[in-house]
Amino acid sequence: MLSSWTSLKRHKRKFLFAGVFIGGGYLLSKYAQRKLQEFQDQEATEYITQARRQYHFESNQRTCNMTVLSMLPSLKEAIIMRLDSEDLTSLLKKRPANKFEIWEDLKIISFSRSVVAVYSTCMLVALLRVQLNIIGGYLYLDNSVNKTGMSQFAPPDVQQQYLSSIQHLLGDGLSELMTVVKRAVQDVLGGMSLKQHLSLQELDQQLVSIRQRVEEGLGASSHKPLSWFLMPDEENTLESQACSLTGYDVMTIKLLNETRDMLESPDFSMVLSTCLSRGFSRFLDNMAEFFHLPQGCPVPLEASGSLSHERLPLAKIIPIVNGQIHSICSEIPSHFVQDLLLIDQVKKFAANVYETFSSPQEHQR
């Protein structure tokens with residue numbers, strides 16, 4: 001025992017160091033295990049949150065698609081009512097003395113309403129993607145994050161008031177768009193003879209000229225960007241009623257201003273431009289079915305791989321163009337609408353909008 005005690009005293013520092021090392025290692029191990037568990041819990045929470053958010057986003061996109069389809073009949077009815085070609089067609093069947101003048105009117109009306117149909121359908125798809133993803137992001141925050149008794153970002157009354165602004169596109173915005181398009185069609189096709197033959201490629205060139213006048217103005221002093229047709233002027237909003245604004249009105253104005261900022265962004269302009277390119281391309285595809293060579297007629301070698309070289313007189317093209325609105329603004333999912341809803345750029349833009357407005361950090365700044 002004396003020998004053991006002597007040995008213990010001699011190696012006291014070594015034993016103390018070993019004890020501290022072992023004890024420290026144990027505590028360090030426990031700390032590491034706790035931190036690992038916290039990290040795993042945080043990862044699991046973030047994964048669940050992200051999965052819930054992704055599910056809500058995908059559900060929101062399905063709602064967007066269904067909303068577009070549900071609004072197309074109203075859009076088509078509004079266009080047909082204001083650009084009515086049926087009365088002109090009925091008059092022509094009676095062989096009136098002013099037949100030429102009626103044909104000229106029918107030419108402008110037919111092209112105007114199909115061009116307006118392409119523009120307004122593309123605008124409807126793009127605008128609803130913005131509005132429903134803004135409101136969808138706020139709803140996600142209200143349902144998943146904001147459960148601490150704080151005021152909601154988007155109460156039901158605010159949602160209804162905000163989403164009703166889409167009526168501008170179907171009302172005053174559509175009327176203004178029709179005026180601009182009709183003027184452009186008159187400039188491009190007004191002097192063209194009904195007997196003039198056009199190939200599909202030449203028809204495409206006429207549409208390009210019409211689009212340039214609508215989208216670029218070509219020096220017109222009163223030219224407005226396409227986003228102008230989507231929402232009312234700020235002077236015409238609730239903000240002009242400042243004396244009698246409710247809390248819900250203030251929240252709605254905030255949403256409208258955020259939407260207006262989004263619509264005036266370069267990203268939205270690019271998305272709408274992509275939609276319009278796809279829309280007019282699909283319009284030409286629909287028209288191409290009527291530009292076919294007679295059966296048994298050889299196809300020219302130079303026509304291979306290009307737009308059809310078959311030419312039709314403008315008088316035969318007019319009724320074909322006139323009927324395109326029924327496939328463009330169809331509530332039954334058509335190739336035209338499906339093409340727009342499936343554009344990758346539209347999907348990515350919608351995801352960015354939703355990401356912005358469903359992130360708590362964005363609203364804490």
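Mentor: One term before we start: two residues are in contact when heavy atoms lie within 4.5 Å. This is a predicted model, where local features need pLDDT of at least 70 and side-chain atom pairs count only at pLDDT 80 or more, while totals for chains, interfaces and linings use all residues. Residues are numbered from 1 along each chain as its sequence is written, and side-chain values use heavy atoms, with hydrogens and water left out.

Trainee: OK, how many helices and strands are in the chain?

Mentor: The chain has 14 helices and two strands. Those are DSSP runs numbered from the N terminus, H or I of at least four residues for helices and E of at least two for strands.

Trainee: And what share of the residues counts as buried?

Mentor: Of 365 residues, 41% are buried. Buried is under 20% relative accessible area, exposed is over 50%, and partly exposed is in between (1.4 Å probe, protein chains only). As for contacts with a separation of 6 or more, 84% of them are between residues 24 or more positions apart.

Trainee: Let's pick a residue, then. Where does Ala-184 sit, and what is it in contact with?

Mentor: Ala-184 is in helix 7, residues 172-189. Setting aside neighbours within four places in sequence, Ala-184 touches Ile-210, Arg-213 and Val-214. Its C-alpha is 8.3 Å from that of Ser-209, which is 25 residues away along the chain.

Trainee: Why does Ala-184 count as buried?

Mentor: Because its relative accessible area is 3%.

Trainee: Switching to helix 4. What about Asn-133, buried or exposed?

Mentor: Asn-133, which is in helix 4, counts as buried because its relative accessibility is 0%. Beyond the neighbours within four places, its contacts include Phe-57, Asn-60, Ala-350 and Phe-357. Asn-133 and Ala-351 are 218 residues apart in sequence, with their C-alpha atoms 8.0 Å apart.

Trainee: Now the rings. How many aromatic pairs does the structure hold?

Mentor: There are six. Rings of Phe, Tyr and Trp (its six-membered ring) pair if their centres lie within 6.5 Å; planes under 30 degrees apart are stacked, over 60 edge-to-face, and the rest tilted. One of the pairs is Tyr-138 with Phe-357, edge-to-face at 5.6 Å centre to centre and 65° between the planes.

Trainee: Which parts of the chain does that pair link?

Mentor: Distant ones: Tyr-138 is in helix 4 and Phe-357 in helix 14 (residues 344-357), 219 residues apart. Tyr-138 counts as buried at 1% relative accessibility, and Phe-357 is buried too, at 7%. Together with Phe-153, those two rings form one aromatic cluster.

Trainee: What about Trp-228 and Phe-229?

Mentor: That pair is edge-to-face as well, 5.6 Å centre to centre with 85° between the planes. Trp-228 is partly exposed, at 25% relative accessibility, whereas Phe-229 is buried, at 3%.

Trainee: Next topic, loops. Where is Arg-95 found?

Mentor: Arg-95 is in the loop between helix 3 (86-93) and helix 4. Its phi is near 50°, a positive value in a residue other than glycine. At 69% relative accessibility, Arg-95 counts as exposed.

Trainee: And Glu-216, in which loop does it lie?

Mentor: Glu-216 lies in the loop between helix 8 (200-215) and helix 9 (247-263). Glu-216 is exposed, with a relative accessible area of 52%. Leaving out neighbours within four places, Glu-216 contacts Arg-211 and His-223. From Glu-216 to Leu-226, 10 residues apart in sequence, the C-alpha to C-alpha distance is 9.6 Å.
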